[in-house]
Amino acid sequence: MRRQVLFFMSVLSFSSAAGQASYSIPEEMAKGSLVGNIAQDLGLDVKRLKSGKARIYTRDSGEYVELNKERGVLLIKDRIDREALCRKTSPCALNFQIILENPMEFYGVTVEIVDINDNSPTFEKSRMHFKISESASIGAKFVLERAVDHDVGINDLQAYGLKPSENFALTLHNKADGNKNIEMILQKPLDREKREVMSLVLTAVDGGEPQMTGTMHIEITVLDVNDNAPIFTQSTYKATITENSPVGTMVATVKASDADFGSNGKILYSITNTLDDVRDLFLVNEETGEVRLAANVDFEKQKTFLINLLASDDGGLTDSCKLIVDVEDVNDNKPDITIMSKSNVIPEDIKANTVVTMINVEDLDSSENGEVNCFIDENLPFIMKTSTNHFFTLVTGGDMDRERASEYKISIVCSDKGAPSLSSSVTLTLQISDVNDNSPVFESKSYEAYMIENNTPGVSVFTVKAHDVDWNQNARVSYILEDYSVNGVPVSSYVSVSADSGVIHAVRSFDYEQIKDFQFHVKAQDGGSPPLSSNVTVKIMIQDQNDNAPQVLYPVQTGGPLVAEMVPRSADVGYLVTKVVAVDVDSGQNAWLSYKLQKATDRALFEVGLQNGEIRTIRQVTDKDAVKQRLTVVVEDNGQPSRSATVNVNVAVADSFPEVLSEFTDFAHDKEYNDNLTFYLVLALAVVSFLFITCLVVIISVKIYRWRQSRILYHPSLPVIPYYPPRYSDTLGSGTLQHVYNYEVCRTTDSRKSDCKFGRAASQNVLMMDPSSTGTMQRIQSEKNILDEPDSPLEVRRFHLI
């Protein structure tokens, strides 16, 4: 039979004002399914559930519903089987409480478990056999075994059907327990000579959607003559026993009579209960009808039992009756004390009637045996109050004085009203805490700390310390960085303070050149309520670090026109050639600069002032000194470790411009060569290898070609004519130079490494060497260099210096 589970959920009702919420859910819901929004239904904020440490309290060992405090909802914790939980009891509900603390509150919650059609009707036996006399009169009753459907309501067993229905019809009789007796009524006489054995099918149908059924086969053997059925003396018997009665105790005796004689009049008794555990707890003597206790019964589990008894003779005729057994309670359970919530520590200034502890006391007995009262020692400054539903609260009854008593041991005794009375007790230990009446005090009125610039972010800078003379939490000091601005920037972007230790950490790396010091306030706050605090000023001094190299201001090292200092050959010893100007943005000794001559074309001709960077001659200039002089000066600071910068100074030793012009035409080439040294080295290696192989091939080819030509065209009588290279002239000129020199300059519109460029002189002693120019020096200094324009076209100039 196909089995289908109808899944639904609906909120039945809720009442947040009364502190009670009710829900209705179907059984067999998946784990984690939503039951209801308990926070919304009780009118509580989700934050209140968290701060109040909300939890579910239930006396049962198994919890089927759990509380999600993050969302404020109830969820299914474990699969719920209504039949296993409540059996036939309807409605079936889970009852528990939501407990909150600070202040203590509790709310009752009821979750009704709605049945779904997940059980089909079943018969305990798949077959029944009857022996019926053919003389059985019309209307004879034959009690059939009832089908069992563990569902309830509409999903429970609703109807029976019997096929074929030629001789028998079904009759249902309602019983006091809500069940129905099934009787098969003979409506047409049996004839053994026509049909000795009959087979019927009894079908049980429930009311679920879709319907589920169960079947049982009935076999009937037709006998002769037994025409009287057993009859019980009473249709209902009643008996009473006390709980915990020993096994074998006589409960009652039922009696039935049969007017037949012999074997047809012999009666056998049996219990026909199938739905519950009656047959496990009670036994009936099949011959005498005595009903005895087969196992212990517990009033707290079940108070009443309904026993269905059947009397049958050998002819298959039967009669039924019921035995109602009431169980009497005895005082056999002590009160069970459960501490729902308690405070271990209370302040000495706590107000009167403040709830300290909440307990729940349950006694499973009934009537006076289950009525409980709780007491404490009268000499204690506390009062025990009674609430509803077996809840008790312990409240403060007077002023607390920690200096007089810092701890109380409270014994709570709960007794029932049974005879004899049973009691239970629990002991609570309560600490009295101090109040917060002292603010933290710093060890110093103000602090100064030093740190070196370029620090690592997160490094510890300084530690502030404050003490609080209070006790425990009231003396626990936390450190807070006060809101403050440093140069318009929040101080929190500069430093942070550890709340527990007071250690001040640098949030970022500091630069002495940008900020040299700053101050802020740190607040020390204790853990009292309300908290007390005090402030202190902390000043951070940034110490300089040698993190900047010297910067050369003059001479300027650019890729522009070549700049050279001019020294006349008549210069005396100590002649000031130029001065190297440099600065260092550091401070102190990190900014003290010294100048050294690293290398020079002639180290015996120039010197550099150690402190002022002045370049002077150290001997008389002679005619033998080279016109082109290059000096490399190192500027070094006094930091540890020191940093340095280098500058190249070009010096022309000459009395006039034409004398030095030819010597400086390759300055730009030298610079370009130095700038591209690595590239040229790699390129040169490849070119040399290629040229070497090419030259070998060319030389061999030429040799072979000349040898062949000499063999063909050789005439020993031809005259020898000397050969001179083109443009060669041996004519003496009237100028300073003895030969003609040809210069050719090529420039592109965007090249910064052209062979020659125009520029302005830095001083009267500086020469701008540009061999492409044919004008005077004064005109060169005053004219604007057209070639420096970014849109200048490619130009080729050719001029002669004679």
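Colleague: In which loop is the place of Glu28?
Modeller: This is a predicted model, in which local features need pLDDT of at least 70, side-chain atom pairs count only at pLDDT 80 or more, and totals for chains, interfaces and linings use all residues. Residues are numbered from 1 along each chain as its sequence is written, and side-chain values use heavy atoms, leaving out hydrogens and water. With helices (H or I, at least four residues) and strands (E, at least two) taken as DSSP runs numbered from the N terminus, Glu28 falls in the loop between strand E2 (20-26) and strand E3 (34-36).

Colleague: What is the phi of Glu28?
Modeller: Most residues other than glycine have a negative phi. Glu28 is not a glycine, yet its phi is positive, at about 65°.

Colleague: Is Glu28 buried, partly exposed or exposed?
Modeller: The classes rest on relative accessible area: buried is under 20%, exposed over 50%, and partly exposed in between (1.4 Å probe, protein chains only). Glu28 has a relative accessibility of 22%, so the class is partly exposed.

Colleague: Where is Asn244, which also has a positive phi, found?
Modeller: Asn244 is not a glycine, and its phi is about 65°. With a relative accessible area of 43%, Asn244 is partly exposed. Its place is the loop between strand E17 (236-242) and strand E18 (250-253).

Colleague: What is the omega of the peptide bond from Glu209 to Pro210?
Modeller: Most peptide bonds are trans. Pro210 lies in the loop between strand E14 (197-206) and strand E15 (213-223). The bond that joins Glu209 to Pro210 is cis, with omega near 0°.

Colleague: Where is the place of Pro641, which has a cis peptide bond from Gln640?
Modeller: The bond from Gln640 to Pro641 has an omega near -5°. Pro641 itself belongs to the loop between E51 and strand E52 (644-653).

Colleague: How many salt bridges does a search of the whole structure find?
Modeller: A salt bridge here is a side-chain nitrogen of Lys or Arg within 4 Å of a carboxyl oxygen of Asp or Glu. Arg82, Glu83 and Asp115 are linked in a network of such bridges. For the whole structure, the search gives 15.

Colleague: How many residues apart are the partners Glu105 and Arg48?
Modeller: Glu105 and Arg48 form a salt bridge, with their closest N and O atoms 2.8 Å apart. The pair links distant parts of the chain, with Glu105 in strand E8 (residues 105-114), Arg48 in helix H2 (residues 46-51), and a separation of 57 residues.

Colleague: Why does the pair of Glu124 and Arg279 tie together separate parts of the sequence, and how many residues apart are they?
Modeller: Glu124 forms a salt bridge with Arg279, the closest N and O atoms being 2.4 Å apart. Because Glu124 is in the loop between E8 and strand E9 (127-133) and Arg279 is in helix H4 (residues 278-281), the pair ties together parts whose separation in sequence is 155 residues.

Colleague: What is the relative accessible area of Arg279?
Modeller: Glu124 is partly exposed, at 47%. Arg279 is partly exposed, and its relative accessible area is 36%.

Colleague: Where does Asp602, the partner of Arg619, lie?
Modeller: The salt bridge between Arg619 and Asp602 has its closest N and O atoms 2.8 Å apart. The pair links distant parts of the chain, 17 residues apart, with Arg619 in the loop between strand E50 (614-617) and strand E51 (628-637) and Asp602 in the loop between strand E48 (593-600) and strand E49 (606-608).

Colleague: Which is the nearest side chain of opposite charge to the buried Asp416?
Modeller: Asp416 lies in strand E31 (residues 407-416). Lys and Arg count as positive and Asp and Glu as negative, while His and the chain ends are not counted. Asp416 has no salt bridge, and at 9.7 Å the nearest side chain of opposite charge is that of Lys334.

Colleague: Which residue's backbone nitrogen does the side chain of Asp416 reach?
Modeller: Neighbours within four places in sequence aside, Asp416 is in contact (heavy atoms within 4.5 Å) with residues including Asn331, Asn333, Asp363 and Ser421. At 2.9 Å, the side chain of Asp416 reaches the backbone nitrogen of Leu422.

Colleague: What share of the chain do buried residues make up?
Modeller: The chain has 8 helices and 55 strands. Among contacts between residues at least 6 apart in sequence, 67% join residues at least 24 apart. Of the 802 residues in the chain, the buried share is 39%.

Notes: Polar contact = N/O pair within 3.5 Å; in protein donor to acceptor, adjacent residues only side chain to side chain.
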